[in-house]
Amino acid sequence: MSSLSVRFLAPSLLTNSSNNRFKSTRLQATPPPQTAAPPSSGAAEVDALRLEPRVEEKDGYFILKEKFRQGINPQEKVKIEKEPMKLFMENGIEDLAKISLEEIEKSKLTKEDIDVRLKWLGLFHRRKHHYGRFMMRLKLPNGVTTSAQTRYLASVIRKYGEDGCADVTTRQNWQIRGVVLPDVPEILKGLDDVGLTSLQSGMDNVRNPVGNPLAGIDPHEIVDTRSYCNLLSQYITANSRGNPAFTNLPRKWNVCVIGSHDLYEHPHINDLAYMPATKNGRFGFNLLVGGFFSPKRCAEAIPLDAWVPGDDILPVCKAVLETFRDLGFRGNRQKTRMMWLIDELVKGFREEIVKRMPQLSLERASSEDLVDAQWERRDYFGAHPQKQEGLSFVGIHIPVGRIQADDMEELARLADEYGSGELRLTVEQNIIIPNIANSKLEALLNEPLLKNRFSPEPPILMKGLVACTGNQFCGQAIIETKARALKVTEEVGRLVSVVKPVRMHWTGCPNTCGQVQVADIGFMGCMTRNKDGKVVEGADVFLGGRIGSDSHLGEIYKKSVPCEDLVPLVVDLLVEKFGGVLREREESED
C-alpha cells in the first residue's frame with residue numbers, strides 16, 4: 001500500500017447474467033484484449049532530451065519551462081502570463097467580480113481572465129451569444145447528487161429568468177446557465193455549503209469522473225464505483241481546495257471507473273478507464289488509455305497492459321497525469337490530447353508511467369476480466385428492483401438534458417418524498433431516482449412531472465437521443481441542436497416504427513461534445529447549401545457507432561445535409577439499417 005492508497009471493502013463479483021431483469025437492447029460485449037500492449041511501430045528509442053519534463057514547480061504552481069516555450073499555442077501563453085488557479089486559490093475572483101465588464105474589456109489581462117482563466121473555476125463566458133453571461137460546470141463524481149444540491153442550483157438559475165436553465169451533460173454532470181460575474185463569489189460559497197464544486201472542470205483539467213449510474217443499487221453490478229469516483233475527484237481537486245499539480249495539463253483529460261457489464265460509463269472514449277478484473281484472487285482494474293474526440297481526430301482507448309489493486313487506484317492515476325503533464329505536446333491544440341503522446345512514445349509511454357509509480361513498478365494486465373462478454377445492455381428507464389429488498393429505482397427521460405428551475409425543485413421534492421433524497425445523472429443526459437420503497441412506486445409514477453414532462457417510458461426513438469448545447473448558448477456551435485433534435489426525432493417517429501432503440505446524437509460543431517461518433521446515427525453541425533443554393537444550417541451524418549465492449553466509432557455516412565432534408569434521410573436509414581417499418585405500410589398491413 002502506498003501513501004496514496006485507500007482501503008475499500010471487497011466487492012461482490014456479480015458476473016452471472018442469467019437473471020437479467022431489465023429490458024434489453026442487444027449489444028455484443030467482447031472485452032478488449034486486456035493483455036495487449038500499445039501497438040509498436042518499430043520506431044527508434046525516444047531521444048532522452050524528449051523525456052525531460054516540460055514543466056517545473058514554482059511558487060506552488062507548475063509552469064512551462066522557458067526552454068520549451070517556442071511554438072506553443074495561445075492558451076499556453078495565457079497560462080504563462082498569469083496562473084489561472086490564482087483566481088481561486090488566492091481569491092482573485094473576489095477582485096475580478098467587482099470590476100465592471102466595461103473596465104474588464106479595457107485590459108488584455110482581465111479580458112483573458114473572463115474568457116479563458118475562469119474556465120479553471122468552471123465558468124465559461126458566453127461572449128458570442130450571451131455577452132456577460134456564464135455557463136458554470138459542476139463536478140459531480142459518479143453523477144450522484146442530492147436534493148439539497150439540486151434545490152440550491154435551482155435557486156441560482158431561477159434569479160436569471162429566461163437566461164437561467166440547467167443541462168445534464170454527457171459526463172454525468174450539471175451545467176447551469178445565466179450566471180453573471182458579480183454573483184460568482186457568492187455562488188462558489190453556496191456550492192461549498194452544499195458539498196459541490198465547479199473547480200477544475202474546464203480547459204486543461206481533469207473532467208468529472210464517470211461511474212456506473214446504478215452503483216450500489218444494481219443487482220448485477222461488478223463493483224460499486226461511487227467510492228472510486230469520489231476518491232479520484234477529491235484527490236484531483238485536493239478536496240475542492242485546488243490541486244495545482246494537475247491544473248496545467250496540455251489539454252483536457254477524462255477518467256471513468258467501470259462498474260457494470262453494460263459499460264454505461266463508455267470506457268473507450270476516456271483518457272483513463274479502470275476496467276474491473278481479478279488477479280490471483282485479488283480484485284482490481286486493468287487500464288485503458290487514450291480515448292478521445294477532437295475536430296481533427298477521434299481515437300478509442302487502448303490497453304496499457306497494466307493492472308492495479310482495487311484499493312490502490314490513485315498512484316497510477318497520478319503517474320499517468322504526471323506523464324501527460326510533463327511530456328505532452330503544447331503546440332497545435334488539435335494534437336495535444338494524451339493519445340498523441342502515446343503514439344509518439346509507443347511502449348515508452350508505459351515506461352514513463354512506471355518511472356512515476358511509488359515503487360517504480362506496475363503489474364502487467366490480468367486475463368481475468370470481469371465484464372461479461374455476452375451481456376445485453378439494459379434499458380434503465382422505468383421502474384426496476386434494486387439489490388436492496390423492497391426498494392426500486394426509476395429511470396426518467398430528460399429530453400436532450402434541458403431542465404428549468406421549477407423542474408429541478410420538483411425533482412428534489414420527488415427524491416425526498418419517494419426516495420432517499422438522491423438523484424443519479426447519466427451520460428445519456430437522463431436521471432435516475434433511487435431507493436424508492438416499492439409501496440410508493442405507483443404514486444411516484446403517477447406524479448404530474450413524470451406524466452407530463454419526464455417520462456419513465458419515453459417513445460422508443462427518444463430513449464437514445466442526446467444533444468449538445470448548440471448555438472442557443474455555445475459560441476462554437478454552428479447549428480441549433482436541442483430543439484432541432486427533438487423536432488426531427490418526433491417527425492421521424494411519426495413516419496417509421498422501430499422495435500429497438502436507435503441512439504441518435506447531435507453536436508453543434510466538430511468539437512463533438514454530443515459524442516456523435518458513438519451513436520448509431522450522429523449529426524454534426526455544419527453550414528451548407530440547400531437545393532435552391534441558399535446557405536443553411538446542415539449536418540454531416542455519421543453512422544455505425546457502437547458502445548459496449550465491442551465499441552466502435554462511427555464514420556461519416558453523408559456530408560453537408562441541409563437540416564431541412566434530414567427527416568427523409570433518417571427515415572430511409574432506419575428502414576434500411578435498423579429494421580424500421582414505414583407506418584403507412586404498417587397500418588395497411590394491420
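**Core, sheet and helices**

Guide: Leaving aside neighbours within four places in sequence, Val-316 is in contact (heavy atoms within 4.5 Å) with Tyr-274, Leu-287, Val-308, Ile-353, Met-357 and Leu-362. This is a predicted model, in which local features need pLDDT of at least 70 and side-chain atom pairs count only at pLDDT 80 or more, while totals for chains, interfaces and linings use all residues. Residues are numbered from 1 along each chain as its sequence is written, and side-chain values use heavy atoms, with hydrogens and water left out.

Visitor: Which residues touch the most other members of the largest nonpolar core?

Guide: They are Leu-232, Trp-253, Tyr-274, Phe-285, Val-316, Phe-349 and Leu-362, in a core of 62 residues. A nonpolar core here is a set of buried Ala, Val, Leu, Ile, Met, Phe, Trp, Tyr and Cys residues joined through side-chain atoms within 4.5 Å. Buried means under 20% relative accessible area, exposed over 50%, and partly exposed in between (1.4 Å probe, protein chains only).

Visitor: And which helix gives the largest share of this core?

Guide: Helix H9 (residues 314–327) does, with 8 residues. Helices (H or I, at least four residues) and strands (E, at least two) are DSSP runs, numbered from the N terminus.

Visitor: How many residues of H9 are buried?

Guide: 13 of its 14 residues are buried, so H9 is largely enclosed by the rest of the structure.

Visitor: What is the crossing angle of H9 and H10?

Guide: The axes of H9 and helix H10 (residues 338–345) cross at roughly 85 degrees and come within 10 Å. Axes are lines fitted to C-alpha atoms, for helices over the stretch in contact, and angles run from 0 to 180 degrees between N-to-C directions. H9 and H10 are therefore roughly perpendicular (65 to 115 degrees) to each other. Val-320, Thr-323, Phe-324 and Leu-327 of H9 meet Met-338, Leu-341 and Leu-345 of H10.

Visitor: Changing topic, what is the strand order in the open sheet?

Guide: The 5 strands run in the order S20-S22-S23-S24-S25, with mixed pairing. Two strands pair if DSSP finds at least two bridges between them. S20 and strand S25 (555–562) are the edge strands, each pairing on one side only. Neighbouring strands of this sheet are turned by 25 degrees against each other on average, direction ignored.

Visitor: Which strands does S22 pair with, and how do they run?

Guide: Strand S20 (residues 465–467) is joined to S22 by 3 bridges, and the two run parallel. S22 and strand S23 (residues 521–529) also run parallel, with 4 bridges. His-505 in S22 is the bridge partner of Val-466, and Gly-522 in S23 is the bridge partner of His-505.

Visitor: Where do the side chains of S22 point?

Guide: In S22 (residues 504–507), Met-504 and Trp-506 point one way and His-505 and Thr-507 the other, and all are buried.

Visitor: Which strands does H16 lie across?

Guide: Helix H16 (residues 566–577) lies across S22, S23, S24 and S25, at about 10 degrees to S24.

Visitor: Finally, which residues of H7 are buried?

Guide: In helix H7 (residues 184–193) they are Val-184, Pro-185, Ile-187, Leu-188, Gly-190 and Leu-191. Just after H7, Gly-195 has a positive phi of about 85 degrees.

Notes. Parallel < 35°, antiparallel > 145°, perpendicular 65-115°, else oblique.
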